Amino acid sequence: MAEGLEVAQSDLQCQRNNLKHHTAEISTQRLIVRRGDCFTIKLQFKSRGYLHGTDQIAFTVETGPWPEEASGTKAMFLLASSAKLKSWSAVVESNVPNSTVISIFIPGNAIIGHYSFKVHIFTKSTPTTYQLGRFALIFNPWSSEDDVYLADDKQMQEYVLNENGFIYQGNENWIQPCPWNFGQFEEDLLDICLKLLDKSLNFMQDAFKDLARRNDPVYVSRVVCAMINCNDDAGVLQGNWSGNYKLGINPSTWNGSVAILRDWYTKGCQPVRFGQCWVFAGVMCTVMRCLGIPSRVITNFNSAHDTNANLLIEEFIDSTGKKLHNKSNDSIWNFHVWTECWMERRDLPPGYGGWQVLDPTPQEKSNGIYCCGPASVKAVKEGDIDLSYDAPFVYAMVNADCISWIASSTGKEKCLRDTRSVGTRISTKCINSTECEEVTNNYKYKEGSQEERKVFEKAITLLKQPRRPTTELLPERNGSANVENGTVSPATSPTEKPEGDKPLPNRPLSDAQISLKLKLTKSPLIGENIGLILVATNLDSNAKKVKINLCGQSMQHEGRPLNHFWKDSMYCDLDPAEEKMVLITIPYSVYGKALDDNSLIQVTAVGEENQGWKKFLVVKDITLEVPPVIINVRSQAIVKQKMIVEFILDNPLPVPVTNCELAIEGSGLLIRSIRIPVRPLEAHEKIRLHAQIFPSKTGHRQLQANFSSNKFKDCKGYKDIVVSSYYVY
């Protein structure tokens, strides 16, 4: 009779398994695996080896505080002769005297999270249990068994494995790439991301139900989206658009997600101050990539915020050209940033999987919670806004119509209905490139085309119909919400009654037969004079006399007007079909004191002709360019060896700047982000700083930098660095 089988020691083979599961960049000292694949363990026995047909071995995996098989948080399975790919299973890979290598198969729909792992050796009827350790399980875009499966290897490299990227800002005519450190493979980030799930309202209110649904990327992504902001829960970031950041960090100075997530975690899951849309989206992209869901950051230039869910954005301007913010809650953001995540949508009709919009910036509530999505990009393009989640709000962001009113003390006059000004360019980072890729066609048909207008009319019609029933993924919180069953409820504008289903023509009041345009003479650098050319054209066969009022305002990127710093007026006589050009100069001494951190200016011209007194307008958004931080590496980049880096900082202004600071970050290069105080800079002064860096990982890395002062906040720079394991002579 054979002696009883006893386990002497076990080996989870972390390095081998993590390399196979594309998690070795996180760690090779702990087991991190992906579902829909297998991993191996080695069992070393004491007096004899495993005998097939004689010995019975079983395994147990458990996750969560109250694991149970019925909910999928616990599985017990025997060592068998063949694997069961749809469930947890184990087979012998190799067997030699006193040791056996066993393959553990993970189903493609397993619950993600931290697991405990046990083996049971059955001797007669009494099992002996051995603790094998713990492992982390995440989604697997390499497995066709997983709902986040992504077949394209190049996309996988960019949207899962790339720790660096760009978030685009500026305006549609001047797109500025801002380097961002996603850093999803920093060793502590996986624990932080899983902790984030445990801090959600869902887990707090019903932990059993929440844990049981963590196998569904639709559910997990919606929970994460709600947790990135802190409006309802112990979320990661507190938003701030006031311009006053004394109690925290100015959003423009962040270089990446890692410092933010670590700060949240180490301070007892207290919100980090402060974030705006690109920060929210960057952090969400990090969390989703860390959990194994392909993700990318999207920037929508001229993004609509439709507060009353009628697909119309109303803006009010007075007769001098000054934009009024107290007449409507709607707005056009100069740019808005969200996250796209790749997943199957089993909760929707076939064909709506793929890229999904998730917007963690707290704008409007969805079922009482500040989150948005996942909304199918395909559904948005086709106008299927009755599909979950929050498709009407996303549709409005990219394709609402904009109505401009000229307001006066006696009332208001409609000046323009523009069907083309919203969602003018939707952009993300190109795969394996530093270039910007335009993805506007993913969201809508060509502006002004018959298809685009038909989809708009379809969306308007669906707004008036009852919503399709949905399975809500987030608990409702007390308080009002303008979203029901995961979609935005239709509402009528408080300032305009519906004028029928068909949109009005895209025109200025065409009876005026006057065209105004504003053009920059050059892309202005902050500190320089702004040069504009006003082009006035008479499209009529009769001569006209035109009064033109001009206004300059600083703007926040979310469309809120700030200081009104400049105005001018002129009369222009135009013969039939005549075009006249007027050169306009706005000095820095005029606009400088009014600037916000975003360095955005809006110049507006309101015209009125003397026949019929019809009004017309033109608006020009200007993003002032800031000089980049120049980074030079002055020594070889060798892992764990000193590397000298030079930073060239430039004050482009004709006045001194104070409160200067250089913030640097880079996964695999710096253990922590660093903020370095910098002495005040004189007008137009340029200085060089040197820093010592000790890279912690080999391979392709990126160093990000931001230089800020009391006058500007977002001078960005980056340097791609290849870190070697030895010196090259």
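In the predicted model, Val-119 touches Val-7, Leu-43, Ile-57, Ala-58, Phe-59, Thr-128, Thr-129, Tyr-130 and Leu-132, when residues up to four places away in sequence are left aside. Val-119 belongs to strand 8, which spans residues 113–123. The residue is buried, its relative accessible area being 0%; because burial is assigned under 20%, this value falls within that class. Between Val-119 and Leu-79, the C-alpha to C-alpha distance is 9.9 Å, and 40 residues separate the two in sequence.

The side chain of Asn-240 reaches the backbone oxygen of Asn-244 at 2.9 Å. Beyond four places in sequence, the residues touched by Asn-240 are Tyr-245, Pro-251, Phe-274, Gly-275 and Gln-276.

Burial also extends over a complete helical element. Helix 10 (residues 391–399) is mostly covered, with nine of its nine residues buried. The buried residues in helix 10 are Ala-391, Pro-392, Phe-393, Val-394, Tyr-395, Ala-396, Met-397, Val-398 and Asn-399. In an α-helix there are 3.6 residues a turn, so residues three or four places apart point the same way.

The salt bridges in the model number 36. One of them joins the side chains of Arg-48 and Asp-55, with an N to O distance of 2.6 Å; both Arg-48 and Asp-55 are buried. Another is formed by Glu-186 and Arg-262, whose closest N and O atoms are 2.9 Å apart. This pair links distant parts of the chain, since Glu-186 lies in the loop between strand 11 (174–181) and helix 3 (189–198), whereas Arg-262 lies in helix 7 (residues 258–266), 76 residues apart. Glu-186 and Arg-262 are both buried.

A further salt bridge connects the side chains of Lys-544 and Glu-609 at 4.0 Å, N to O. Lys-544 is part of strand 31 (residues 544–555) and Glu-609 of strand 34 (residues 600–609), so the pair ties together parts that are 65 residues apart in sequence. Burial applies to both Lys-544 and Glu-609.

Pockets were examined next. The largest pocket has a volume of about 990 Å³. Its lining comprises 38 residues, of which Asp-418, Ser-421, Val-618, Val-619 and Lys-620 lie nearest the centre. At least two lining residues each are supplied by strand 15 (312–318), strand 17 (331–343), strand 22 (401–408), strand 23 (411–418), strand 29 (514–520), strand 34 and strand 35 (615–623). Strand 35 provides the largest share of the lining of this pocket, seven residues. By class, the lining of the largest pocket contains 17 nonpolar, 13 polar and eight charged residues.

The second largest pocket holds about 700 Å³ of space. It is lined by 26 residues, and those closest to its centre are Gln-157, Leu-161, Asn-162, Glu-163 and His-700. Helix 2 (153–161), strand 10 (164–171) and strand 41 (699–708) are the elements that give two or more residues to this lining. The lining of the second largest pocket divides into five nonpolar, 14 polar and seven charged residues.

Across the whole structure, seven cavities of 30 Å³ or more were found. The volume of the largest cavity is about 180 Å³. Of the 16 residues that line this cavity, Gln-169, Trp-174, Asn-598, Thr-623 and Asp-714 are the closest to its centre. The elements contributing two or more residues to the lining are strand 10 and strand 11, and strand 11 gives the most, with three residues. The lining of the largest cavity consists of six nonpolar, seven polar and three charged residues.

Note on methods. Residues are numbered from 1 along each chain as its sequence is written. This is a predicted model: local features need pLDDT of at least 70, side-chain atom pairs count only at pLDDT 80 or more; totals for chains, interfaces and linings use all residues. Side-chain values use heavy atoms; hydrogens and water are left out. Helices (H or I, at least four residues) and strands (E, at least two) are DSSP runs, numbered from the N terminus. Buried means under 20% relative accessible area, exposed over 50%, partly exposed in between (1.4 Å probe, protein chains only). Contact means heavy atoms within 4.5 Å. A polar contact is a pair of N or O atoms within 3.5 Å; within protein, one must be able to donate a hydrogen and the other to accept it, and residues adjacent in sequence count only if both atoms are side-chain atoms. On a 1 Å grid over the protein atoms alone, a cavity is a set of points where a 1.4 Å probe fits but cannot get out, and a pocket is an open set with protein on both sides within 12 Å along at least five of seven lines; lining residues have an atom within 4 Å of a point. Grid points are joined across faces, edges and corners, and a volume is the space filled by probe spheres set on the points. Ala, Val, Leu, Ile, Met, Phe, Trp, Tyr, Cys and Pro count as nonpolar, Asp, Glu, Lys and Arg as charged, and the others, Gly among them, as polar.
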